[in-house]
Amino acid sequence: MVKTSYIFDYPKIPVNYSLKKEKDYLVFTFDTVYKDPVCKENETQIVHMFVPEGKIKGDIVFLHGIGPNNIPYLEWYGRYFSKIGYRTSVVIFPYHLERAPKGIQDGDPFYSSEPDECVVLFHNAVKDVRRTIDLLESFDDYSEDNLYLMGVSFGGIIGTMALALDKRIKKGILMITGGNWRWINFYSPFTQKVRDAYATQKNAYGCDSEEYCIKFRENAFDFVKDNINSIDDIFQKTPIPCYHYDPISYAKFVNQPVLFIKGTFDKIIPHRATNELIKLLPNKKVKYILAGHKSSYLWKSVVGRWVISFIEQGKLKEAEKKLQKTM
């Protein structure tokens with residue numbers, strides 16, 4: 001656990017949840033540890049849990065992408081992992097499904113042009129991830145040595161932050177994701193609404209274009225690499241708050257093993273954003289799929305096997321060592 005007292009921290013209290021069965025998964029609902037600045041719907045957290053029929057090998061916390069319609073098809077991974085013995089908890093992010101108030105498209109508030117707003121919203125999503133782990137810890141069959149995280153797209157952004165801030169997670173899988181808000185906000189086709197907001201009304205820091213952004217982020221990669229040496233530095237040394245929720249600020253502190261899956265034709269997450277995040281991760285293995293952002297789903301069976309192989313790598317040697325100690 002990170003010991004600093006910042007926005008990603010929260011009071012460690014019991015998770016008092018309600019439970020119901022939905023199709024082939026369980027739905028856990030419980031109060032968030034924060035007051036949501038946008039709507040009350042988000043003060044109830046939702047987790048879809050896919051539970052193996054037999055013995056549980058471990059837990060995978062799964063983080064979906066932003067926007068409507070992606071959760072149902074990404075839950076294929078929950079079904080696949082559970083069949084192999086891994087309980088999979090899909091964290092439903094704020095402003096998605098039942099957490100989206102009427103009149104707001106799923107995930108829309110995350111596209112804010114205001115860094116101060118994004119700091120709160122993104123770190124609330126991190127808290128949701130950590131509270132899901134708190135929930136898992138309350139189960140009798142939970143194993144602290146077998147907790148993993150997989151984040152896809154926006155889920156990889158939040159996942160990078162969570163991996164840096166919560167060392168209960170033993171390994172991470174980051175897929176079709178990236179960092180450095182300059183590249184994402186000004187070059188991704190998904191962030192046109194952010195660019196429109198910059199151009200029409202600026203933000204509280206005066207940003208109205210990429211040219212203005214460059215004043216603070218022209219060499220963001222080098223700035224982070226050379227100057228950010230602790231979590232405290234992210235909040236104390238950076239020139240503008242957008243660094244406070246940027247995956248590249250946190251990547252250096254992801255010391256867990258990471259499997260990074262990159263789509264070679266991905267245009268939603270610009271290649272510079274992906275490459276900079278990869279370079280800053282200290283303990284990663286990179287695999288490539290010949291796919292774009294959305295077409296990466298066609299590789300789900302291959303990716304699923306890669307994930308299980310990555311998670312179970314070294315398990316046999318660990319078991320042999322434990323056996324030798326008992327002999």
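This is a predicted model: local features need pLDDT of at least 70, side-chain atom pairs count only at pLDDT 80 or more; totals for chains, interfaces and linings use all residues.
## Asn-203 and its surroundings

The backbone nitrogen of Cys-207 sits 3.0 Å from a polar atom of the Asn-203 side chain. A polar atom of that side chain also lies 3.0 Å from the backbone oxygen of Ser-113.

Is Asn-203 buried or exposed? Its relative accessibility is 10%, and because buried means under 20%, Asn-203 counts as buried. If neighbours within four places in sequence are set aside, the residues in contact with Asn-203 are Ser-113, Glu-114, Pro-115 and Tyr-198.

Nine strands make up an open sheet with mixed pairing, and their order is S1-S2-S3-S5-S4-S6-S7-S8-S9. At the edges stand strand S1 (18-22) and strand S9 (284-289); each has a single partner strand, so one side of each lacks a neighbour in the sheet. From one strand to the next, the twist averages 20°.

Lys-21 and Met-49 are 28 residues apart along the chain, and 9.6 Å separates their C-alpha atoms.

S4 is mostly covered, with six of its six residues buried. In a regular strand, side chains alternate between the two faces of the sheet. Here Gly-58, Ile-60 and Phe-62 point one way, Asp-59, Val-61 and Leu-63 point the other way, and all of them are buried.

Which strands does S4 pair with? On one side, six bridges connect S4 to strand S5 (residues 86-92), and the two run parallel. Ile-60 has Thr-88 as its bridge partner in S5. S4 also runs parallel to strand S6 (residues 147-152), joined by five bridges. There, Leu-63 stands opposite Gly-151.

Further along, strand S7 (residues 171-175) pairs with strand S8 (residues 258-263) in the parallel sense over four bridges. For Gly-172, the bridge partner in S8 is Val-258.

## Helices against the sheet

Helix H12 (residues 300-312) packs on the sheet and touches S4, S5, S6, S7, S8 and S9. The direction of H12 makes about 160° with that of S7.

Helix H2 (residues 76-83) lies across strand S2 (25-31), strand S3 (44-50), S4, S5, S6 and S7. Relative to S5, H2 runs at about 160°.

## A helix pair: H8 and H11

Two packed helices are described by the angle between their axes and the distance between the axes. For helix H8 (residues 220-227) and helix H11 (residues 271-280), the angle is about 10° and the axes are 11 Å apart. H8 and H11 are therefore roughly parallel to each other, since angles under 35 degrees count that way.

Which residues meet between H8 and H11? Phe-221, Val-224 and Lys-225 of H8 meet Glu-276, Lys-279 and Leu-280 of H11. The residues of this contact comprise three nonpolar, three charged and no polar ones.

Terms used: Residues are numbered from 1 along each chain as its sequence is written. Side-chain values use heavy atoms; hydrogens and water are left out. Buried means under 20% relative accessible area, exposed over 50%, partly exposed in between (1.4 Å probe, protein chains only). Two strands pair if DSSP finds at least two bridges between them. A polar contact is a pair of N or O atoms within 3.5 Å; within protein, one must be able to donate a hydrogen and the other to accept it, and residues adjacent in sequence count only if both atoms are side-chain atoms. Contact means heavy atoms within 4.5 Å. Axes are lines fitted to C-alpha atoms, for helices over the stretch in contact, and angles run from 0 to 180 degrees between N-to-C directions. Angles under 35 degrees count as roughly parallel, over 145 as roughly antiparallel, 65 to 115 as roughly perpendicular and the rest as oblique. Ala, Val, Leu, Ile, Met, Phe, Trp, Tyr, Cys and Pro count as nonpolar, Asp, Glu, Lys and Arg as charged, and the others, Gly among them, as polar.
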